[in-house]
Amino acid sequence: MKRRELEQAVEAAPTYDEWVGLAEEFDRTTGADEWRDQDACPWYDAAAIGTSRDQLVRLRNAEAAEELAAALDEDLSRHLADIAAPQLYEVALAGTKRLVDSWLDAVEEALRWLAHTEIPGLPRAAKLQRFEHGWRVFGRSALMLSGGATWGFHHLGVVKALMNLDLLPHILSGASTGAMVAAGVCTRTDEELRQMFADTDSIRLDGLLPIGWRKAFDQKAWLDPARLHDVLQHNVGDWTFAEAFARSGRALNIAVSPTRSRQKPRLLTHLTAPNVMVASAALASSALPGLFPPVELEARQGDEVVSYVAGERWMDGSLQGDLPKTRLARLHNVNHFIVSQTNPHVMPFLRHYGRRGLRPTVLGVTSATLRTQGALVTDLARRATSKSDGLARQLALQAHTLATQDYRGDIDIYPRFRANLLTRVAVNPTRDDLAEFIREGERSVWPKVAMIRNQTRIGRVFRTSIEHLSR
C-alpha cells in the first residue's frame, strides 16, 4: 500500500492487533523502523543506556545480587528521564528505539530475578522491605479521567483498551463524568469489568432528565438529581470507598468542589473518606451548576446511610480539580500521570501540544494567547469581587480556576475532536453513541501504547514483585 493508504488503514483499524500490524508496515514504508534500530539520538544518552543494559545483564548472569541491586538503584534514577523523552515516541508509530526496549527488558529481568530468588543472608521480610522502599522512591502511575459531560463516555474506551493490554493503573481519579466512569471501574472486579464491556447494555444511559421550567427555577438547575443518583447506583453499586477498594484492589479518587468560597475542594478516596458512598460522590462531582443542584455527600454509618458533612453541599469536581495531581501525589505517591481528556473547552486547544509542524505551532501560539488572556480577565473579575461573598464572587472564582488549571499529564490521551458532538454535550447518549464513544476511546489509546507500556513497566514489575513477596 502507498503511504496515504496506509495512514487511512491505520486510522480505520478495528482492533489493536490490526493497528499494530499496520503501524509496523507504515514504519517500514517511511523508514521509521530503521530509526528504531539506530541507537544514536539527540534525545537520550544512548551510550550510557547501552552500558547500563550490558552491566545489568552481566550482573544478573553472574547472580551478583547485591551488586545488581546497587546498579538498579543508580540506573533507575539516572535513565528514567531519558527513556521518557516524548520526542522518542513521535517518530515511529509502533514504538521507540529498540535500545530503550532492551534496557527495560534488562531492568525487568533483574527485578524479577531478585524478587524470586533466595538470596543468602537476605530473609524474605527484609527483601520485601527493600522492594517496598524501592517502589516508594520510584513512584506510581495513575489514570486521570477528566470531566466532559456526555463526551466523558470516551473514558470507557480508554479503560477498555488499557485493561485489554494489561496496562490499566491501579490508581484512578475522576471528575464529573470522569468520576462516574472511574467509579464504575473501581467498584468492579476484573471479571465484572470484562463482563460489563462484553455487555454494555447493562449500563444505564438515562441519567439526564429535564424537570420543567417551574421546578428548574425553584432548584436553579435544569436536570433531576434523583434520576442521576438512581442511574449511578445501578451503574456503580451501593458501595463505600473502602468497600470498593477491598473488592477491586483499585484506588478510586473522586474530586468534588465546594459551594462556599472559604471551603476547599476535596479528593474523596478510601484513605480520606472510607465510609462515603461512591454513588453520592459521583453525583456530587457531576453537579455542574445550571444542570444539577449541589448535593450533600452520603456516608454509611452502621446499617444506615447518613449525611457525611451535614449542611455542606458539593458540586462539579472539574470546576476546581479536574486533574488533582498534587493531592494524588500526596495520598498515593503518584508521580506519573496518564490523562484521558474530554473537556469540550480543553480538547480543541491542547490536542496539538507536543506535535511538530506549522499547523500545530500556530495552534499552540493561538491557544497560549487565549489562555493567557482568559487568565488575566478572570483574575480581574476575581479581584473585583473580592469583598463580596455572593454569586458574582463564586462565578469569578470558578471562571478563574477553569482558566488557570493545568489540564495536561505526562501522557495525554484525546479522542478525535468532532464538532458535531458540540450539540450533544449534555444529552443522554444512545446505544449507538455509546458504542462509538468506546471505539473512539480505544483508538485514542493505541498510538500511546508504546509510551504507556514503557513508562509504567518498571512500576508494574515492582507491584507484582511485592505481591509475590507478600504471599
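Reader: Where is Leu268 found?
Author: Leu268 is part of strand β4 (residues 266-268). Helices (H or I, at least four residues) and strands (E, at least two) are DSSP runs, numbered from the N terminus. Please note that this is a predicted model, in which local features need pLDDT of at least 70 and side-chain atom pairs count only at pLDDT 80 or more, while totals for chains, interfaces and linings use all residues. Residues are numbered from 1 along each chain as its sequence is written, and side-chain values use heavy atoms, with hydrogens and water left out.

Reader: Is Leu268 buried or exposed?
Author: Leu268 is buried, at a relative accessible area of 2%. Buried means under 20% relative accessible area, exposed over 50%, and partly exposed in between (1.4 Å probe, protein chains only).

Reader: And what is Leu268 in contact with?
Author: Leaving aside neighbours within four places in sequence, Leu268 is in contact with Phe241, Leu252, Asn253, Ile254, Val256, Ala273, Val276, Ala281 and Leu297. Contact here means heavy atoms within 4.5 Å. As for Ile254, its C-alpha atom is separated by 5.1 Å from that of Leu268, and the two residues are 14 apart along the chain.

Reader: Moving to the core, how many residues has the largest nonpolar one?
Author: It has 114 residues, and those with the most contacts inside it are Trp103, Leu114, Leu143, Leu156, Ile254 and Ile458. Helix α6 (residues 98-116) gives the largest share of this core, 11 residues. A nonpolar core is a set of buried Ala, Val, Leu, Ile, Met, Phe, Trp, Tyr and Cys residues joined through side-chain atoms within 4.5 Å. In soluble globular proteins, nonpolar side chains tend to be buried together.

Reader: What does Leu114 touch, beyond its neighbours within four places in sequence?
Author: Leu114 is in contact with Ala65, Leu68, Ala69, Leu72, Ile119, Lys127 and Phe131, once those neighbours are left aside.

Reader: Now the charges. How many salt bridges are there?
Author: The count comes to 22, a salt bridge being a side-chain nitrogen of Lys or Arg within 4 Å of a carboxyl oxygen of Asp or Glu. One of them pairs Asp105 with Arg457, the closest N and O atoms being 2.4 Å apart. Asp105 lies in helix α6 and Arg457 in helix α21 (residues 449-470), so this pair ties together parts that are 352 residues apart in sequence. Asp105 is partly exposed, at 40% relative accessible area, whereas Arg457 counts as buried at 15%.

Reader: Which residue meets Arg112 in a salt bridge?
Author: Glu108 does, at 3.0 Å from N to O. Arg112 is partly exposed at 32% relative accessibility, and Glu108 is buried at 18%.

Reader: What about Arg300 and Asp238?
Author: Their side chains also form a salt bridge (3.4 Å, N to O). This pair links distant parts of the chain, with Arg300 in strand β5 (residues 298-301) and Asp238 in the loop between α12 and α13 (241-248), 62 residues apart.

Reader: Which residues do shared partners join into one network?
Author: Asp105, Glu108, Arg112 and Arg457 are joined in that way.

Reader: Lastly, which classes line the second largest pocket?
Author: Its lining has 25 nonpolar, 13 polar and 3 charged residues. Ala, Val, Leu, Ile, Met, Phe, Trp, Tyr, Cys and Pro count as nonpolar, Asp, Glu, Lys and Arg as charged, and the others, Gly among them, as polar.
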